[in-house]
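Here is a short walk through one protein model and its ligand. Keep the structure in view as you read.

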Amino acid sequence: MKRLLVIDCVMREGSRTRQLLDAFLIGVDRRIYEIETVKLSEIPLSPLMGVSYRERDELLAIHDMNHPRFDHAKQFRDADAIVIAAPYWDMSFPSLLKIYFENICVDGITFESTEKGLAGLSHADPLVFLTTRGGFTETGSEDDQATSYIKALSRLLGFRNPVTIGASGMDVWGYDWQKALKDACDKAHAFAASLK
Ligand SMILES: Cc1cc2nc3c(=O)[nH]c(=O)nc-3n(C[C@H](O)[C@H](O)[C@H](O)COP(=O)(O)O)c2cc1C
């Protein structure tokens, strides 16, 4: 079985991003993929600072990669496919997801330093980013700092094909956001169903 890792950064009850994630997951062939979910709001995550930062530096200095604080990084590195679901917040995504990324970007686990520069050690293909946006920001536009960040992170960690599926206009008065969301859900479902 292949492993599909779900990074769930849904932030509230009644979330539209949750609907998008659900549509994606319904499309996944469970004979091919077993699903592991990391619900970011339910795990102890803290930003790299103070004691936590020093501890990480000390462990990396002695190449002790067996410490449990690196478990999420290993899980991320070993996934065959990854789907990240997070709402569009402040032109990007919630800081909770950035803190998760801080914790899984570990030299020697998800990437390494080589004579040619930094090289990714992660191999998931595809990496899918699912999001919903209040306004009309388009996927890949300059205002979509979530997609540009995920693309840059993919270059660091080694993902070749990051894909964003988003629904925009969710909070625009008078706009048929339900249709926009359904169209995105259909796209997410079809994309998941195409995964081999
Ligand atoms: C803290 C916060 C920040 C937001 N920032 C933006 C933003 O910068 N641009 C935008 O178009 N919508 C913004 N929104 C609206 C959300 O993107 C929109 O409501 C989205 O559908 C929420 O996803 P959810 O239904 O999964 O919670 C923001 C909402 C919140 C709560």
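One of its oxygen atoms is 3.1 Å from a polar backbone atom of G134. The protein covers 74% of the 640 Å² of accessible area that the ligand has on its own. Bear in mind that this is a predicted model.

At R16, a backbone N or O atom lies 2.9 Å from a ligand oxygen. At T132, a polar side-chain atom lies 2.8 Å from a ligand oxygen.

Now move to helix α3, residues 71–78. Its buried residues are A73, K74, Q75 and F76. What covers them? The cover includes the strands β1 (2–8), β2 (33–39), β3 (81–85) and β6 (127–132). The helices α4 (95–104) and α5 (145–157) are also part of that cover.

Next, find T110 in the loop between α4 and β4. Is T110 buried or exposed? T110 counts as buried, because its relative accessibility is 0%. Beyond its neighbours within four places in sequence, T110 is in contact with A73, F76, R77, I104, C105, G120, L121, S122 and L157. Two of these contacts, A73 and F76, are among the buried residues of α3.

Finish with strands β4 (residues 111–114) and β5 (residues 117–120), which pair in the antiparallel sense over four bridges. A hairpin of two residues joins β4 to β5. Within this pair, F111 stands opposite G120 in β5. G120 is also one of the contacts of T110.

Methods:
Residues are numbered from 1 along each chain as its sequence is written. This is a predicted model: local features need pLDDT of at least 70, side-chain atom pairs count only at pLDDT 80 or more; totals for chains, interfaces and linings use all residues. Side-chain values use heavy atoms; hydrogens and water are left out. Two strands pair if DSSP finds at least two bridges between them. Buried means under 20% relative accessible area, exposed over 50%, partly exposed in between (1.4 Å probe, protein chains only). Contact means heavy atoms within 4.5 Å. A polar contact is a pair of N or O atoms within 3.5 Å; within protein, one must be able to donate a hydrogen and the other to accept it, and residues adjacent in sequence count only if both atoms are side-chain atoms. Accessible areas come from the Shrake-Rupley method with a 1.4 Å probe; for residues, only the protein chains shown count as cover.
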